Amino acid sequence: MSPSVRTDNGTIIKWMVVLVLSLGLLWECFVSFHFGSTPHDPLLRLQHVAPIENKTRFRIRHIYHHNSGKSHRVHKRLDITDQFIARFDLDQPNISGLVNTDGNEDGEFDDPETLMPYFSRESPWVSEFDMSGYIGSIRRMAERDPDFVESYLAYARESGAEQVSKITLDWNDDRDILPNVTNNETIMNLALMSSNAYVRIPGEGDWKDVNKPWSVNKTDEEGSTGFGWMEDGVRGHVFTNEDSSIVILSIKGTSAQGLPGGGGESDTIEEDKINDNLLFSCCCARVSYMWTTVCDCYKSSYTCDEDCLEKELYREDRYYRAVLDVYRNVTNLYPDSAVWVTGHSLGAALAGLLGRTYGLPAVTFEAPGDLLATKRLHLPQPPSLPSYLEHIWHFGHTADPIFMGTCNGASSSCSVAGYAMETQCHSGKVCIYDVVNDYGWHVNLVNHRIHTVIDSVLTAYNKTASCEIPLPCHDCYNWNFITRDRHKGRDGDDKNKPKEPKKPQKCLRRSWYGRCLEWGDDDSDDVST
């Protein structure tokens with residue numbers, strides 16, 4: 001082949017490369033201009049196919065309330081219709097009608113000027129939220145029917161992690177609509193939806209019973225009457241876009257007096273606190289002998305019954321089971337819709353657990369560490385999960401001690417308020433705004449509030465925080481968790497059974513410089529050293 005031909009071929013190849021790069025750049029500019037920004041994570045860009053077109057405006061449609069405790073069978077739905085809004089005059093901003101995130105007993109803000117500017121100029125009942133999304137891959141179980149999933153969880157709880165590890169589940173890499181977590185407006189509006197879950201609900205309304213068909217109304221003693229906002233339990237606000245192809249479930253967080261991170265409603269405080277201490281403590285909130293535990297799983301010093309803990313978390317009257325029921329009813333109402341979940345604080349952790357259970361995209365705000373609860377509940381996780389297929393994103397900042405896992409110890413604000421927030425490890429990706437180094441913030445529990453996140457964190461940054469898989473993390477490393485009779489050895493003895501304590505030892509012979517050379521049993525009450 002002549003040199004001139006080789007030169008022509010080389011020139012053609014160069015021009016082809018330039019043409020391909022130019023077309024790629026033009027497509028990127030077109031998508032960014034016409035549909036909003038595409039994910040700046042290279043792994044997300046690779047799987048980006050198409051943004052959501054003309055289907056991004058969301059509005060609240062329903063509220064689900066699932067009671068807990070003795071009235072856990074109560075589960076009802078309130079439809080937010082134009083007639084409902086007109087009946088209670090909810091189309092105008094009403095500051096006193098919003099739940100107080102500063103914790104005043106009267107439910108009003110100390111200073112109305114500190115109310116989030118978004119809701120001070122528009123009623124949360126008629127607010128519309130724009131979202132940016134894309135078609136991407138998500139790895140989740142092939143069989144996700146609620147009956148199958150709950151039967152799997154029940155088997156896992158009874159059989160233990162070792163037996164569950166032998167089960168081969170079928171996993172799919174599904175194509176679905178995912179939230180664009182690199183888009184500022186999307187993250188801001190999901191945070192506003194999380195804040196919406198704290199909004200005070202009018203005391204009356206046409207609440208529809210969505211209990212299982214075989215569940216009949218119970219007596220007053222069991223909590224079937226007097227239902228409404230004033231009862232204990234979990235609440236989920238349901239938002240949909242115009243054609244209902246996407247449903248967003250926002251789960252209410254902690255209502256807490258004395259803990260300035262949650263809402264000021266006094267009605268759910270007791271159950272919220274019990275579930276906080278179940279989900280985020282090492283062992284039933286057994287911090288010291290002065291604490292009242294929320295379950296009976298504590299055995300002895302830094303020793304806890306793992307079987308007992310798992311059963312407590314999965315009890316029908318606990319929040320995790322309530323959230324599963326809410327999801328079941330939402331999908332019954334919208335069987336063909338993509339479902340996203342979000343929430344703040346306790347609601348954020350519940351959103352993450354629900355997302356892990358069913359393989360749902362979850363975007364949370366200031367979630368306490370949820371990895372320990374994920375393991376205790378034996379939630380299904382694929383054997384290998386590349387970071388670009390991770391579908392749970394925990395947003396938070398460095399000045400929040402609950403999110404960072406530092407709100408523990410006898411003198412911490414959480415402990416003083418009676419909350420054992422001992423976990424720090426998260427399941428999924430963490431997206432951290434470093435407000436301590438960037439803006440000189442001090443770590444303070446007040447910074448856990450959702451309106452602080454919206455007003456002072458999300459608005460302070462030009463782009464969303466980078467989301468990363470967290471470093472290896474282990475909660476409650478100094479605790480010994482035992483099981484009763486799950487995994488016995490060949491001789492029939494339980495491997496996990498606590499060993500009988502040895503007799504006290506005393507030094508029988510020492511060296512000239514004091515080192516003990518021979519030890520023996522001490523039959524006296526005192527042990528020599």
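Reply: Cys297 is buried, with a relative accessible area of 0%. Buried means under 20% relative accessible area, exposed means over 50%, and partly exposed lies in between, with a 1.4 Å probe and protein chains only. The model is predicted: local features need pLDDT of at least 70, side-chain atom pairs count only at pLDDT 80 or more, and totals for chains, interfaces and linings use all residues. Residues are numbered from 1 along each chain as its sequence is written, and side-chain values use heavy atoms, with hydrogens and water left out.

Start with the contacts, meaning heavy atoms within 4.5 Å. Leaving aside residues up to four places away in sequence, Cys297 touches Cys283, Cys284, Cys304, Asp305, Cys308, Leu309 and Glu312.

One of these partners is covalent. Cys297 and Cys308 form a disulfide (a pair of cysteine sulfur atoms within 2.5 Å), with an S to S distance of 2.0 Å. The torsion about the S-S bond is -70 degrees, and the link is left-handed. Cys297 sits in the loop between H8 and S9, whereas Cys308 belongs to helix H9 (residues 306–313), so the bond ties together parts 11 residues apart in sequence. Helices (H or I, at least four residues) and strands (E, at least two) are DSSP runs, numbered from the N terminus. Cys308 also counts as buried, at 16% relative accessibility.

Another contact of Cys297, Cys284, has its own bond. Cys284 is joined to Cys295 by a disulfide, S to S 1.8 Å. This link is left-handed too, with -85 degrees about the S-S bond. Both ends lie in the loop between helix H8 (269–280) and strand S9 (298–300), so the pair ties together parts that are 11 residues apart in sequence. Cys284 and Cys295 are both buried.

How many disulfides does a search of the whole structure find? It finds 7. One of them lies elsewhere in the chain: Cys431 to Cys467, with sulfur atoms 2.0 Å apart. Its S-S torsion is about 110 degrees, so this one is right-handed. The bond links distant parts of the chain, 36 residues apart: Cys431 is in strand S14 (residues 429–433) and Cys467 in strand S15 (residues 467–468). Cys431 is buried at 0% relative accessible area, and Cys467 is buried at 14%.

Back to Cys297, now as a core member. A nonpolar core is a set of buried Ala, Val, Leu, Ile, Met, Phe, Trp, Tyr and Cys residues joined through side-chain atoms within 4.5 Å. The largest core has 63 residues, and those touching the most other members are Leu153, Leu279, Cys297, Tyr320, Leu350 and Leu354. Helix H10 (residues 319–333) gives the largest share of this core, 8 residues. Apart from it lies another core of 44 residues, including Phe58, Leu190, Ile450 and Ile454.

Now the rings. Aromatic pairs are rings of Phe, Tyr and Trp (its six-membered ring) with centres within 6.5 Å; planes under 30 degrees apart are stacked, over 60 edge-to-face, and the rest tilted. The structure holds 13 such pairs. Tyr302 and Trp479 are edge-to-face, 5.2 Å centre to centre with 65 degrees between the planes. This pair links distant parts of the chain, 177 residues apart: Tyr302 is in the loop between S9 and strand S10 (303–305), and Trp479 in the loop between S15 and strand S16 (480–482). Tyr302 is partly exposed at 45%, while Trp479 is buried at 11%. Trp479 also stacks with Phe481, 6.3 Å centre to centre and 25 degrees between the planes. Phe481 is partly exposed, at 24% relative accessibility. A cluster is formed by Phe365, Phe395, Tyr433, Tyr439 and Tyr461.

Charges meet rings as well. A charge sits over a ring if NZ of Lys or CZ of Arg is within 6 Å of the ring centre and within 35 degrees of the ring normal. The charged end of Arg286 sits over Tyr298, 4.2 Å from the ring centre. Lys273 lies over the face of Tyr419, at 5.4 Å.

Last, the backbone. Most residues other than glycine have a negative phi. Asp89 has a positive phi of about 55 degrees. Asp89 is in the loop between helix H3 (82–87) and helix H4 (117–120), exposed at 53%. His378 also has a positive phi, near 55 degrees. His378 lies in the loop between helix H12 (371–376) and strand S13 (392–397), but is buried at 10%.
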